[in-house]
Structures are given as structure tokens and as C-alpha cells.
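Dear colleague,

Please find below the structure that I am handing over to you. My findings follow directly after it, grouped by topic.

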Amino acid sequence: KESNMREIVGKAYTELGRELKEAQAELSKNGYGCFEKWCESIGFNRMQANRLIQRYSLVTNCYEQKDIIEDLPVSLSYEIAKPSAESTPAKSQAKAEVLDGKIDTLKAYKQRIQELETQAQLAEEKRKQAESMAETARKDAEIKIRHYGDQSFRGVLFCF
């Protein structure tokens, strides 16, 4: 029953988004603010309308995953529909995992973003550390060459 109810709600939110997007396109011809006033007159605030429109756009842009998106909790579908949902590599990866059916809750999505960001941060720190170590080794080799004047150290510089 829960699955059926989620499907009904998901489809309803998609249809609401479609209707709002069409109304927005039509009312935009009448000038700035007209759509917002209309939304308020039917009980929607601008934020609610934008989330539904963004969600609808996601469904239409990812039509092959339409069923997955419509079965998601509404809060998660809103989150991955935001323009910022692909603003970082971690968010893009987590969104892709949602669309692949690997993540199905907002909590798991946010945890995955955090996990991916932590992994990226650790990789960056390791890269900087390796770079620093290579620079230190290069400087040490230069010092030894200057100090000893030995040609045998010159080859070491080319390794870095």
C-alpha cells in the first residue's frame, strides 16, 4: 500500500509541476510578479511552486528514470532537482546514484555527499603531501649537487 501511495503522490507532484510550469510560461507574458501573485492566489508560495517546477523539469530531463524519481520521497526529489544538485563533483555523483536507484532517502543522499566530499578532501591532502615531499626531495638534491659538485646527483633532479 505504501508503495502504491508513494506512486500516486509522485505522479501528482509531477503533474502539479507541469501545470505550474505551463502557467509560469503563460503568465510571464504579462510581466514580472504576475506568476507569483497567481501562485499565492491559489495557495502556493513562490518556493513551493519553484520546487515543483524544478522537480517536473528533472522528470522530463531524466525521462528514463521517471519512475525512480516519482517513487522517491518528495524531499529527496526536490533536493536532486535543485540547480545546485550538480554544483560539485560529490553532489553530481550522489545525484547519479539516486537516479540509478542506489540511494532512496534524503538522509542517505546527504550522507553520501558528505562521504564523497571527505574522500575528495583526503585525496587532495594526499596529493599536496606528495607534491610537498617531491619538492623537498628536489631541493635536497639541488643542495647536495651544489655542496658536493658531484655529477652523480644530477640525475636525481630529473626524477622530480
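In this predicted model, C34 counts as partly exposed, because its relative accessibility is 23%. C62, by contrast, counts as buried, at 16% relative accessibility, since values under 20% fall into that class. A disulfide is a covalent bond that joins the sulfur atoms of two cysteines. How many disulfides does a search of the whole structure find? The search returns zero. For C34 the reason lies in distance: the closest cysteine sulfur, in C39, is 9.8 Å from the sulfur of C34, which is too far for a bond. The cut-off for such a pair is 2.5 Å.

Helix 1 covers residues 2-27 and helix 3 covers residues 46-61; their axes come within 8 Å and cross at roughly 105°. The two helices are therefore roughly perpendicular to each other. On the side of helix 1, the contact is made by G10, Y13, T14, L16, G17, R18, L20, K21 and Q24. Helix 3 contributes R46, A49, N50, L52, I53, R55, Y56, S57 and V59. By class, the residues of this contact divide into eight nonpolar, six polar and four charged.

L16 lies in helix 1 and is partly exposed, with a relative accessible area of 36%. Leaving aside neighbours within four places in sequence, L16 is in contact with F44 and L52. The C-alpha atoms of L16 and A49 are separated by 8.8 Å, although these residues are 33 residues apart along the chain.

K21 is also placed in helix 1. Is K21 buried, partly exposed or exposed? With a relative accessibility of 35%, K21 counts as partly exposed. Not counting residues up to four places away in sequence, K21 touches I53, Y56 and S57. A separation of 24 Å lies between the C-alpha atoms of K21 and A96, which are 75 residues apart along the chain.

The second pair consists of helix 6 (residues 89-99) and helix 7 (residues 106-148), whose axes come within 9 Å and cross at roughly 140°. That angle makes helix 6 oblique to helix 7. The crossing of helix 6 with helix 7 is right-handed. Which residues make this contact? From helix 6 they are A90, K91, Q93, A94, K95, E97 and V98, and from helix 7 they are Y109, R112, I113, L116 and E117. Sorted by class, the contact of helix 6 with helix 7 has six nonpolar, one polar and five charged residues.

Finally, I draw your attention to helix 5, which spans residues 74-81. Why can helix 5 be described as largely enclosed by the rest of the structure? Six of its eight residues are buried, so the description follows from that count. The buried residues of helix 5 are V74, L76, S77, Y78, I80 and A81. What covers the buried residues of helix 5 includes helix 1, helix 3, helix 4 (66-71), helix 6 and helix 7.

With kind regards

Definitions and conventions: Residues numbered from 1 in each chain as written. Predicted model: local features only at pLDDT ≥ 70, side-chain atom pairs only at ≥ 80, totals over all residues. Heavy atoms only, no water. Buried < 20%, exposed > 50% of the residue type's maximum accessible area, 1.4 Å probe, protein only. Axes fitted to C-alpha atoms, helices over the stretch in contact; angles between N-to-C directions. Helix = DSSP H or I, 4+ residues; strand = E, 2+ residues; numbered from the N terminus. Parallel < 35°, antiparallel > 145°, perpendicular 65-115°, else oblique. Contact = heavy atoms within 4.5 Å. Nonpolar A, V, L, I, M, F, W, Y, C, P; charged D, E, K, R; others polar. Left-handed = near helix turned anticlockwise from the far one by under 90°.
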